[in-house]
Amino acid sequence: NTRDFRIDAIRGLSLLVIFTNHLSVISGNLFLRSWSLVSITLCDFANVFIFISGYVAGMVYSKILIRDGFKMLFQRTIKRAAQLYYWHFVALIISVLSILVLQYYGIELIKTARLNFLFSNPLQALPATLGLAYAPYAFDVLRLYILLLLVLPLWLKLLDINKWLAVAVSLIVYLIPQFVGGANISEIPAGKLWYFNPLAWQLQFFLGSFLAVNGLPGSRDFWRSKSITSLALTIVIAGILVRTMGPYLIETFNPAVPFIHDDLLYGKLPLTGKMNLEPVRLIYFSALLLLTVNILPKGWSFWKSDIAKPFVLCGKHALQIYSTGLILVFVSGHILRNINASNTVMIIATIIGISIQVTVANHLEQRKIQSR
């Protein structure tokens with residue numbers, strides 16, 4: 001099978017947008033974030049990244065299960081999880097050290113990046129960090145990915161035995177936090193929960209794996225029909241209208257609680273919360289995904305063009321690029337916040353950060369080619 005460059009390009013794009021959003025939050029200037037999916041739709045690029053990661057994992061590791069058996073599959077996923085853990089820890093160490101060097105600017109970033117626990121109680125925070133029981137801002141996705149990768153062999157084995165049983169199990173687990181308040185993994189310090197609830201987000205990841213192995217159920221012509229595409233388009237447009245207009249209408253009637261820009265987590269718009277991947281968010285992402293697949297064909301020459309190449313390269317080396325982005329966010333975000341960066345400065349800083357990540361991806365690709 002020929003490589004589907006859409007997967008690499010869209011995953012690379014999601015990484016660069018996630019970097020832009022994280023940098024906006026850390027720096028305190030939300031100008032660029034206001035143009036991202038998170039601010040104009042009912043989902044964001046975290047949905048994109050987790051889904052594509054599940055899709056790629058299903059595509060790669062299902063072949064290992066068929067060819068080499070469960071034992072080899074388990075060994076390979078453990079090895080990959082160890083790589084993820086390594087990059088997670090390296091990125092965290094470099095980020096924390098950078099903040100220590102720049103600390104004389106003030107402690108505002110430490111609070112914003114959820115690092116105050118690490119700085120105030122290092123003896124408790126360090127082992128919690130090593131055990132993934134504590135994660136600063138923006139490190140949540142890697143932590144979730146590590147956990148899901150460890151569970152993946154069992155799910156792929158169940159998928160191999162009975163695909164609908166595997167889907168049913170994933171769906172039942174997803175429904176638990178939707179109906180049971182607080183059903184989540186507790187963090188350290190006490191009282192906090194995982195920002196990406198693994199009980200809920202596993203469905204996004206494993207649905208990606210399911211589609212990689214089995215494809216969409218039923219006829220391909222049905223999913224590509226005008227009626228289904230029109231329905232998906234209607235859902236996407238309706239979501240944009242609700243997301244952009246709803247908060248202001250709600251705030252008019254309920255001004256006591258200001259609207260939270262971040263991710264609809266706090267219930268201003270029902271069933272759209274990010275922590276538990278609530279149903280409206282999941283359905284909306286599914287419609288956006290189907291619309292994207294139908295509009296952007298696999299064989300489109302654009303995927304191999306010079307314009308798409310930077311995104312494709314970043315998508316191919318997603319782990320290293322995500323980790324590089326985290327380091328850049330913590331280092332440059334600290335400086336940008338303390339100089340109270342203008343919109344122009346933010347744009348320039350973001351372009352520089354993206355350029356660094358693309359350069360890293362290109363270097364990794366050249367090394368990969370040379371090693372072959």
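Mentor: Let's begin with L277, which sits in the loop between α12 (226-253) and α13 (279-295). Helices here are DSSP runs of H or I with at least four residues, strands are runs of E with at least two, and both are numbered from the N terminus. Before going on, note that this is a predicted model, in which local features need pLDDT of at least 70 and side-chain atom pairs count only at pLDDT 80 or more, while totals for chains, interfaces and linings use all residues. Residues are numbered from 1 along each chain as its sequence is written, and side-chain values use heavy atoms, with hydrogens and water left out.

Trainee: Is L277 buried or exposed?

Mentor: The word buried means under 20% relative accessible area, exposed means over 50%, and partly exposed is in between, using a 1.4 Å probe and protein chains only. L277 has a relative accessible area of 0%, so it is buried. Its phi is positive, about 45°, although L277 is not a glycine.

Trainee: Where does N340 lie?

Mentor: N340 is in the loop between α15 and α16. It too is a non-glycine residue with a positive phi, here about 55°. With a relative accessible area of 66%, N340 counts as exposed.

Trainee: Let me step back to the whole chain. How many helices and strands are there?

Mentor: The protein chain has 16 helices and 0 strands. For 372 residues, a compact globule would have a value near 21 Å, and the chain agrees because its own value is 21 Å. Along the principal axes, the C-alpha atoms fill a box of roughly 60 × 55 × 45 Å.

Trainee: What share of the residues is buried?

Mentor: Buried residues make up 47% of the 372 in the protein chain.

Trainee: Which residues touch the most other members of the largest nonpolar core?

Mentor: A nonpolar core is a set of buried Ala, Val, Leu, Ile, Met, Phe, Trp, Tyr and Cys residues joined through side-chain atoms within 4.5 Å. The largest one here has 94 residues, and Y61, L115, L152, L156, W201 and F205 touch the most other members. Helix α3 (residues 45-68) gives the largest share of this core, 12 residues.

Trainee: What is L156 in contact with?

Mentor: Contact means heavy atoms within 4.5 Å. Leaving aside neighbours within four places in sequence, L156 meets Y61, S62, L65 and L73. Take L65 from that list: it lies in helix α3, and its 11% relative accessibility is why it counts as buried. Not counting residues up to four places away, L65 touches F70, L73, L156, K157 and D160.

Trainee: How far apart are L65 and V25 in sequence and in space?

Mentor: They are 40 residues apart in sequence and 41 Å apart in space, C-alpha to C-alpha. Now look at L92, in helix α4 (residues 70-101): L92 and S323 are 231 residues apart in sequence and 8.6 Å apart in space, again C-alpha to C-alpha. L92 counts as buried because its relative accessibility is 4%.

Trainee: What does V358 touch?

Mentor: V358, in helix α16 (residues 343-371), is in contact with P310 and C314, leaving aside neighbours within four places in sequence.

Key. Rg over C-alpha atoms; globule rule 2.2 N^0.38 Å.
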